Amino acid sequence: MTIQPALAPRELDEPLEVDPADWSKPDVYQLITSLVVPRPIAWISTVSPAGRRNLAPYSYFSLVADHPPHVAFSSIGEKDTLRNIRATGQFVVNLADQGLLEQLDNSGAHFGPDQDEFLEVGVTPVPSVRVRPPRVREAKAHMECEVAGIHPVGNGNLVLGRVVHVHVEPGVWRDGRVDSTLMDPVLRLSRCYGRLSPEVTAEEEPAPHVFT
């Protein structure tokens, strides 16, 4: 007899204690993506060995080191982005603001490997400085990356990238750094998008490791 996974309760009368292995895949997805919020979005541009451009959003994305800077994102399954990165070893993280939300969201639709998402969603490819994949001209900041590793984890593929070049528009720079309120980045909240709140704490001093 096949044992069916337990269903997530609609309401809680007491604190939830659960082993994710006991729930269905959709219920675990809903649980975990609702807990890990907000998530920044890496709008990843790549190019195939034949020169075909690709552009797709990834909300499983974070900074993992600052000296030298490394970022990471996870691709669930084998997609064009991952295939291109395996083949070329390069990608660009384009950072989208709220004005690019529609284009970013549309680029997450299914496109064939011969389709150019830049053209399909209406953004402009421009040459990068250090890597072959193009940047999204309309984005306010970009991180050009060389692959530092690709590691299978669960149903994902964790891509580590060393940041080899950064571009920032003057309009989001204030007092010697990027101002996140001026960036107004698109954030992911489970199955919807969000934005930063204007209410923040007082800024802290950098961690000691920054100066050593």
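Ground rules, quickly. The model is predicted, so local features need pLDDT of at least 70, side-chain atom pairs count only at pLDDT 80 or more, and totals for chains, interfaces and linings use all residues. Numbering starts from 1 along each chain as its sequence is written, and side-chain values use heavy atoms, without hydrogens and water.

Strands here are DSSP runs of E, at least two residues; helices are runs of H or I, at least four; both are numbered from the N terminus. Two strands pair if DSSP finds at least two bridges between them.

Start with β9, residues 141-153. Strand β6, residues 90-95, runs antiparallel to β9, with six bridges. Phe91 has Cys145 as its bridge partner there. Cys145 also has a bridge partner in β10, Val163. β9 and β10 (156-168) are antiparallel over twelve bridges. Their hairpin has two residues between the strands, and Gly154 takes a positive phi near 55°.

Next, an open antiparallel sheet: β1-β13-β14, in that order. β1 (39-40) and β14 (192-194) are at the edges with a single partner strand each, so one side of each has no neighbour in the sheet. Three bridges join β13 to β14, and Leu189 stands opposite Cys192.

Which residues other than glycine have positive phi? Ser190 is one, near 55°, in the loop between β13 and β14. Asp175 is another, about 55°. Buried or exposed? Ser190, at 10% relative accessibility, is buried; Asp175, at 74%, is exposed. Buried means under 20%, exposed over 50%, partly exposed in between, with a 1.4 Å probe and protein chains only.

Last, cis peptides. Val37 to Pro38 is cis, omega about -10°. His67 to Pro68 is cis, omega near -10°.
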